[in-house]
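Load the model in a viewer and colour it by chain. The stops below are meant to be selected one after another.

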Amino acid sequence: MNTNTPALALHEVRKQFGATQIIHGVNLVIAAGERHAIIGPNGAGKSTLFNLISGRFPVSSGRISLRGHDITGCTPFQINRLGLARSFQVTNIFHRMSVFENIRCATLWSLGYGYSFWHRVGALRDVRERSEQVMEHIGLARRRDISAGVLTYAEQRALEIGITIAGDAPVILLDEPTAGMSRTEAAQAMALIQRVTQGRTLLMVEHDMSVVFGLADRISVLVYGECIASGTPAEIRANAAVQEAYLGSLHPQTEAT
Amino acid sequence: MEFFLVQLFNGVSYGLLLFMLSSGLTLVFSLMGVLNFAHASFYMLGAYFAFQISTWTGFWAGLVVAPLLVGALGMLVERVGLRRVHAHGHVAELLFTFGLAYLIEEAVHLIWGRAALPYHVPAALDGPLFQIADSPYPMYRVFMMLISVSMLVAVWLTLTRTRIGLVIQAALTHPDTVQALGHNVPRIFMLVFGGGAALAGLAGVIGGAAFVTDPSMAIAVGPIVFVIVVVGGMGSLAGAFFASLLIGCLQTFSVSLDWTLAGLLTTLGFSMGPDTPLWSVWSIKLSQAAPVLPYLIMVLMLIFRPRGLMGTRDE
Amino acid sequence: MNTTLRYRPLNLGRWLLWGTTALIFVLAPLFSDASFALTLLSQMGILIIFSLSYNMLLGQSGMLSFGHAVYSGLGAYIAVHALNFIGKGTLHFPVSLLPLIGGCAGLVFGSIFGYVTTKKSGTTFAMISLGIGEMVFACVLMFPGFFGGEGGITTNRVVGSAVLGVTYGPAIQVYYLIAAWAFICMIAMFALTQTPLGRMANAVRDNPERAEFIGYNTQRVRYIQLMLSAFFAGVAGSLSCINYEIVSAENVSAIRSGGVLIATFIGGVGLFFGPILGAILFTLFAIALSSFTKAWLLYLGLFFLLMVLYAPGGVAWLVAIQLPVLRARRLTDLLWPYSLAILAAAVCVIGLVGSVEMLYHAALESGGDRHIQWFGLNVDVRTPTPWLVTSALLLCGGLATRYAMQFVQRRWDTIQLALRQVAT
């Protein structure tokens with residue numbers, strides 16, 4: 001693949017539910033290897049945008065391409081197979097399975113086992129090694145046999161990220177990975193994200209500004225379904241439009257959190 | 001023409017009866033997410049209760065009391081059974097109603113025996129009402145239509161004009177919000193479940209007298225009602241209405257037609273005879289194939305339009 | 001109910017378990033030489049395969065099917081025709097491997113009907129499976145040429161040349177054929193749960209949305225799982241064809257589909273061995289109880305309903321949750337509450353059975369005899385005394401059971417609390 005191909009490109013993406021337009025023609029290009037954060041006030045359409053990119057909802061118009069492939073109208077599993085994995089704002093894991101099983105299931109497709117009913121999953125070394133490596137990464141190795149439903153909230157959030165990265169997708173979407181976490185937990189989560197997204201493209205929605213400005217190479221600001229600015233953290237800080245539309249409420253928030 | 005008209009009337013009256021069943025099922029399903037497997041058993045109980053009451057006081061008391069009894073039973077079932085399994089999810093609820101259907105059928109065996117009951121149209125409604133061309137049209141069929149239509153109008157008015165109806169409508173789409181607004185959602189569930197059961201019971205009272213009242217009447221009609229709900233689109237009352245009429249007419253027409261595929265192909269110029277391969281398929285009469293047709297429609301619908309006629313959700 | 005799945009490499013325990021199972025299969029008919037016992041065992045073996053295959057849908061993939069008999073029944077029809085061809089000499093195929101033919105037929109029909117049913121999941125899947133079941137049942141009656149109408153198709157299993165003296169004439173040989181197939185199918189179905197497909201079936205059951213976002217088409221997972229399950233159903237169907245030498249419309253009926261659902265659920269859908277227990281219990285219920293009473297279906301329905309309400313994990317789950325208590329040597333604490341509960345429930349059951357039997361007697365045989373003989377007691381169903389007695393037993397038993405269960409619950413909670421404190 002050409003190294004100049006963007007990891008993700010959105011062209012005039014629109015989405016409406018009934019008569020209400022949520023996303024008003026978003027254009028966004030994310031280069032390979034970039035850590036990109038989307039910020040914006042509540043109700044700006046950040047999660048909707050994620051759902052459009054990952055194929056959870058179909059777009060109303062516009063095009064989305066992932067590493068040069070047009071993925072407009074593709075199903076979530078097709079998009080995942082083309083190299084995009086995402087996490088969810090509301091924890092979305094396999095509650096009745098153990099931590100290890102959760103991670104293991106997430107590795108199966110990328111390691112090429114598909115719908116196989118002729119491999120014994122316990123005997124697959126690559127699956128086991130990859131799962132153990134991921135559990136080590138997210139710090140849940142000691143909890144491997146615990147049922148995911150009884151983990152603490154922070155552990156479930158870590159597992160959520162673990163499931164997302166287990167398939168080794170080059171493009172990762174994280175939807176508010178630190179939502180509902182305490183300050184220390186958020187700091188740990190930030191370190192975890194930094195560690196596990198090494199060498200990948202990251203697109204994240206985040207409210208915690210310390211996380212955003214600490215992690216992101218570039219930031220886009222979404223207000224009422226429109227991308228009003230895109231740039232490096234320094235540029236965004238200095239942008240007058242952003243200040244007016246959004247950052248006015250940012251400073252108190254940064255102090256508060 | 002005359003044949004066509006009579007059949008159309010029969011089809012519509014049967015279709016309306018089916019809608020009395022499928023509307024309750026749809027309402028319960030869209031409100032509570034519960035697919036009531038025992039819905040047709042309530043239909044059967046309606047007929048049996050009405051018969052029992054009619055042996056004491058005559059048909060008319062049964063017409064009123066039996067649906068109320070069935071409705072009360074429905075509420076009881078919701079209160080002591082369904083609410084308990086609700087926490088285990090929709091599959092558990094479905095299993096519960098499946099077990100209930102099983103139990104009701106056995107209880108009916110136990111109390112009324114296995115043979116068909118002599119539950120008939122009352123004398124006042126027996127006989128023809130008017131003539132279509134030369135053939136007389138039975139009064140009871142018209143009575144059935146009348147009851148169904150007035151009942152459906154009553155349900156519609158309840159849903160659109162009363163406070164509880166508006167709450168039900170709101171609960172259909174936003175159960176959590178309705179609960180948060182301080183309405184007692186479990187009680188609404190109980191009322192709707194009882195109401196659906198009462199509707200099914202009423203259908204049983206009038207259907208049992210028109211057709212046959214025996215322990216297999218639930219199994220005979222249950223799957224058809226499910227087909228209607230799937231074909232109409234899960235959770236759509238309008239869809240259930242059209243699907244009920246469609247299936248009602250289809251079943252009525254097909255049982256009286258002797259058309260075969262072989263006949264059709266012969267008129268199209270193919271020569272067919274008993275030596276043609278698969279002759280047993282070509283020579284099936286439409287009347288013989290009648291029991292399969294609703295299911296065939298369901299399968300075709302699922303392949304070409306999985307949402308159903310008027311369904312909105314495509315899970 | 002949080003069962004923790006533990007990763008264990010192939011261990012001694014597992015070998016021991018399978019070995020014991022095989023031994024039971026081999027030794028079972030030796031305990032009783034009555035032909036009745038052999039019938040019972042054969043039926044159990046067939047139902048074990050059938051309910052395990054059903055649990056590949058319900059327990060492992062979360063698909064509640066009301067039409068599973070379609071696959072076993074159509075498999076049985078294909079098998080019966082194949083057997084008749086073998087009998088006529090037009091087909092050369094060992095009878096022992098006939099289940100393979102039936103299984104493949106099940107697979108083919110699974111791939112046809114499953115394509116339609118697995119488009120949906122949850123409740124809609126359940127309704128559609130019922131519709132497909134009814135459709136197939138109606139079709140079977142529509143084409144008497146192939147399906148033999150109401151009477152069905154008969155066959156003779158003693159055909160072809162005997163291999164090593166095995167002719168399948170004597171019932172004992174048929175039993176061992178069934179036992180061998182049941183054992184093989186058990187292992188195969190257990191192995192399937194340990195494959196990527198089997199693991200993903202569980203994932204799709206628990207959280208279909210997430211499964212889509214880790215690269216899996218949930219519809220495809222359900223479809224393949226259903227096809228494989230239909231294969232085993234077909235195997236069970238062909239074995240019943242060999243066992244009974246007749247296949248009729250009843251084989252594809254809603255009654256069969258409902259039966260396997262009840263058997264599987266009673267046994268327990270959450271654990272692999274649940275359906276095996278369920279098959280054994282259901283067969284005992286169906287064969288043993290039906291010879292004593294006409295109301296057995298009512299009892300079965302009641303039992304099923306009680307399980308749905310109070311023990312949704314089935315008998316297997318009830319057994320499994322005792323194990324940690326047993327391991328902690330605390331089961332003795334529960335002996336007393338358990339005995340009380342069982343005693344109270346027994347009183348309740350006696351009252352219930354008495355009432356039901358008298359009702360049945362009064363309703364079904366009211367024309368003739370009004371007396372029932374119970375263990376030497378001559379009961380006249382027209383007098384109020386027996387009704388009062390049974391009602392009182394039912395009522396008191398019910399109340400006593402309620403209190404006893406509260407007692408059990410309290411003890412149980414105390415023990416669980418203690419166990420948790422030990423663990424942390």
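**Chains and their contacts**

Start with chains A and B: no contact joins them, and their closest C-alpha atoms lie 13 Å apart. This is a predicted model, and local features are given where pLDDT is at least 70. Two pairs of chains are in contact, and of these 2 pairs, chains B and C share the most contacts.

**Chain B as a whole**

Along the principal axes, the C-alpha atoms of chain B fill a box of roughly 70 × 50 × 40 Å. Does the radius of gyration of chain B agree or disagree with that of a compact globule? For 315 residues the globule rule gives a value near 20 Å, and chain B has 21 Å, which agrees. Of the 315 residues in chain B, 45% are buried. Now consider contacts in chain B between residues at least 6 apart in sequence: 76% of them join residues at least 24 apart.

**B:Val225**

Select B:Val225, which lies in helix H9 of chain B. Is B:Val225 buried or exposed? The cut-off for a buried residue is 20 or more other C-beta atoms within 10 Å. B:Val225 has 28 C-beta neighbours inside 10 Å, so it counts as buried.

Next, display the residues that B:Val225 touches, leaving out those up to four places away in sequence: B:Leu18, B:Leu21, B:Ser22, B:Leu25, B:His39 and B:Ala40. One of them, B:His39, is 186 residues from B:Val225 along the chain, yet the two C-alpha atoms are separated by 9.0 Å.

**Where chain B meets chain C**

Bring chain C back beside chain B. The contact takes 41 residues from chain B and 39 residues from chain C. On the chain B side, at least two residues each come from helices H3 (59-85), H4 (90-112), H9 (217-232), H13 (286-289) and H14 (293-304). Which helix supplies the largest share of that side? H4(B) does, with 14 residues. Colour the chain B side by residue class to see 31 nonpolar, 7 polar and 3 charged residues.

Move on to C:Glu245, in the loop between helix H10 (218-244) and strand S2 (246-247) of chain C. Most residues other than glycine have a negative phi. C:Glu245 has a positive phi, near 60 degrees, and is not a glycine. With 17 other C-beta atoms within 10 Å, C:Glu245 is partly exposed.

**Where chain A meets chain C**

Show chain A with chain C. Here 37 residues of chain A are in contact with 29 residues of chain C. Helix H2 (76-81) and helix H3 (99-108) of chain A each supply at least two residues of the chain A side. H3(A) gives the largest share of that side, 6 residues. The chain A side divides into 18 nonpolar, 12 polar and 7 charged residues.

**The sheet in chain A**

Zoom in on S1 (8-17) and S4 (61-66) of chain A, which run antiparallel and are joined by 5 bridges. In that pairing, A:Arg14 has A:Ser61 in S4(A) as its bridge partner.

**A hairpin and a loop in chain A**

Select strands S9 (218-223) and S10 (226-231) of chain A, an antiparallel pair with 5 bridges. S9(A) and S10(A) form a hairpin with 2 residues between them. A:Tyr224, in the turn, has a positive phi of about 45 degrees. On the strands, A:Leu222 has A:Cys227 in S10(A) as its bridge partner.

End at A:Asp168, in the loop between helix H5 (153-166) and strand S7 (171-175) of chain A. A:Asp168 is not a glycine, but its phi is positive, at about 60 degrees. With 14 C-beta neighbours inside 10 Å, A:Asp168 counts as partly exposed.

Note on methods
Residues are numbered from 1 along each chain as its sequence is written. Chains are lettered from A and ligands numbered from 1 in the order in which they are written. This is a predicted model: local features need pLDDT of at least 70, side-chain atom pairs count only at pLDDT 80 or more; totals for chains, interfaces and linings use all residues. Two residues are in contact if their C-beta atoms, placed from the backbone, lie within 7 Å. Helices (H or I, at least four residues) and strands (E, at least two) are DSSP runs, numbered from the N terminus. Ala, Val, Leu, Ile, Met, Phe, Trp, Tyr, Cys and Pro count as nonpolar, Asp, Glu, Lys and Arg as charged, and the others, Gly among them, as polar. The radius of gyration is taken over C-alpha atoms; the globule rule is 2.2 Å times the number of residues to the power 0.38. A residue is buried if 20 or more other C-beta atoms lie within 10 Å of its own, exposed if 12 or fewer, and partly exposed in between; C-beta atoms are placed from the backbone. Two strands pair if DSSP finds at least two bridges between them.
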